[in-house]
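Please examine the model shown here and work through its helix packing and its aromatic contacts.

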Amino acid sequence: MVMKKFINDPNNLTAELLEGMLVAEGDLVKIEQEKLVCRKEEKAQDKVAVVTLGGAGHEPALAGFVGKGMLDISVVGDIFAAPGPGEVLEALKIVNRDAGTLLVILNHAGDVLSATMALEMAEAEGLKNIASVNTHEDIAPGADAPIEDRRGLVGCVPLIKVAGAAAERGWSLEEVLRVANKFNDNMATLAVALKGATHPANGMEIAVLGDDEMEIGMGQHGEAGTGRSKMLSADATTEKMLDRLVEAIKAQAGDKVLLLVNGSGATTLMEMYIVARAAKNFLKSKGIELAVCKVGEILTVQETAGFQFLLAKVDDEILDLWNDSCATPAWRW
């Protein structure tokens with residue numbers, strides 16, 4: 001695949017994209033120490049801070065969700081690469097407060113290593129009252145696979161929305177962590193890919209699929225899924241994926257669910273709306289209420305074609321927090 005992207009020096013990709021983000025979203029965010037995307041209007045010190053980390057190249061995630069009602073800081077790594085533990089530590093220092101900090105970690109080896117080291121360094125420096133949650137909702141390896149084998153995908157974003165709302169309300173760290181864990185324990189994600197992306201720094205293809213192939217379960221960096229198949233229709237693909245997701249979260253007739261249809265970067269809104277329609281019909285046939293459905297590009301992988309379904313079983317408390325206002329570059333309501 002020939003890489004055709006509007007870039008300059010590949011070594012400056014992250015710095016330039018953050019500079020451009022500041023041009024467009026400077027009313028909401030500011031950049032500290034080159035790669036820390038922070039709320040411009042800082043949260044009151046008596047409220048819990050919410051921080052996350054992750055590589056660039058997945059825009060709008062994760063830095064696009066910094067702002068009122070969501071993240072206080074997103075620590076940005078280079079393209080598809082975790083930031084270093086020192087950068088995460090600096091973020092924890094900036095938000096250090098008696099009310100406490102929640103660190104949201106996606107279950108990828110680099111992110112987990114950096115976060116673990118940063119937490120150890122924070123403890124050594126006397127920073128206290130830091131809790132963490134590890135998102136691992138990808139069910140491609142199996143819903144009952146060991147946590148270390150289950151990647152963190154788009155589910156981190158609605159979790160941040162719910163936990164961020166609780167923090168904005170002034171809930172204690174214990175309560176913010178409780179609702180984050182409740183959401184984490186009741187969500188599952190499954191992806192499907194039609195075409196892989198090229199790495200914008202070096203032009204490397206991160207996955208290659210045939211013109212008539214699709215792969216359910218492919219990871220966001222091209223990791224192998226559950227096996228390739230010939231192309232299926234939107235309805236057939238939706239049924240195949242939601243069958244597994246409904247089983248994974250143990251949803252039953254009468255339950256309420258939240259559904260995200262997350263475009264991977266090169267999937268049209270037309271296609272996403274068509275699978276959202278199919279998802280609504282599938283869930284209705286099972287007697288499951290679709291309480292929330294959000295469609296669009298949330299966590300992308302450059303020009304990967306495909307989407308992720310995030311399905312979460314929700315209750316009135318979670319829905320109430322979800323509906324709280326937020327003001328970030330990517331989501332505002």
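The questions and answers that follow concern this structure, which is a predicted model.

Q: Which residues of helix α2 are buried, and what arc do they cover around the axis?
A: Helix α2 spans residues 85-95, and its buried residues are V88, L89, A91, L92 and V95. They lie on the same side of α2, because the arc that they cover around the axis is only 160°.

Q: Which elements are included in what covers the buried residues of α2?
A: The cover includes one helix and several strands, as named here. The helix is α3 (109-124). The strands included are β2 (36-39), β3 (49-56), β4 (73-79), β5 (101-106) and β6 (130-135).

Q: Is V88 buried or exposed, and what is its relative accessible area?
A: V88 has its place in helix α2. Buried means under 20% relative accessible area. V88 is therefore buried, with a relative accessible area of 0%.

Q: Which residues does V88 touch, not counting residues up to four places away in sequence?
A: V88 belongs to helix α2, and it is one of the buried residues of that helix. With residues up to four places away in sequence left out, V88 touches L53, V75, P83 and A118.

Q: Which residues make the contact between α2 and α3, and what is the hand of the crossing?
A: From α2, the contact is made by P85, G86, V88, L89 and L92. From α3, it is made by S114, M117, A118, L119, M121 and A122. The crossing of α2 and α3 is right-handed.

Q: How are helices α4 and α5 oriented to each other?
A: Helix α4 (residues 156-168) packs against helix α5 (residues 173-185) at an angle of about 160°, with the axes 9 Å apart. Angles over 145 degrees count as roughly antiparallel. Helices α4 and α5 are therefore roughly antiparallel.

Q: How many aromatic pairs are found in the whole structure, and what is the geometry of W322 and W331?
A: A search of the whole structure finds five aromatic pairs. W322 and W331 form an aromatic pair with 5.5 Å centre to centre and 75° between the planes. Planes over 60 degrees apart count as edge-to-face, so the pair is edge-to-face.

Q: What is the geometry of the pair formed by W322 and W333?
A: The ring centres of W322 and W333 are 5.3 Å apart. Their planes are at 45°, so the pair is tilted.

Technical notes. Residues numbered from 1 in each chain as written. Predicted model: local features only at pLDDT ≥ 70, side-chain atom pairs only at ≥ 80, totals over all residues. Heavy atoms only, no water. Buried < 20%, exposed > 50% of the residue type's maximum accessible area, 1.4 Å probe, protein only. Helix = DSSP H or I, 4+ residues; strand = E, 2+ residues; numbered from the N terminus. Arc of directions from axis to C-beta. Contact = heavy atoms within 4.5 Å. Phe/Tyr/Trp six-rings, centres within 6.5 Å; stacked < 30°, edge-to-face > 60°. Axes fitted to C-alpha atoms, helices over the stretch in contact; angles between N-to-C directions. Parallel < 35°, antiparallel > 145°, perpendicular 65-115°, else oblique. Left-handed = near helix turned anticlockwise from the far one by under 90°.
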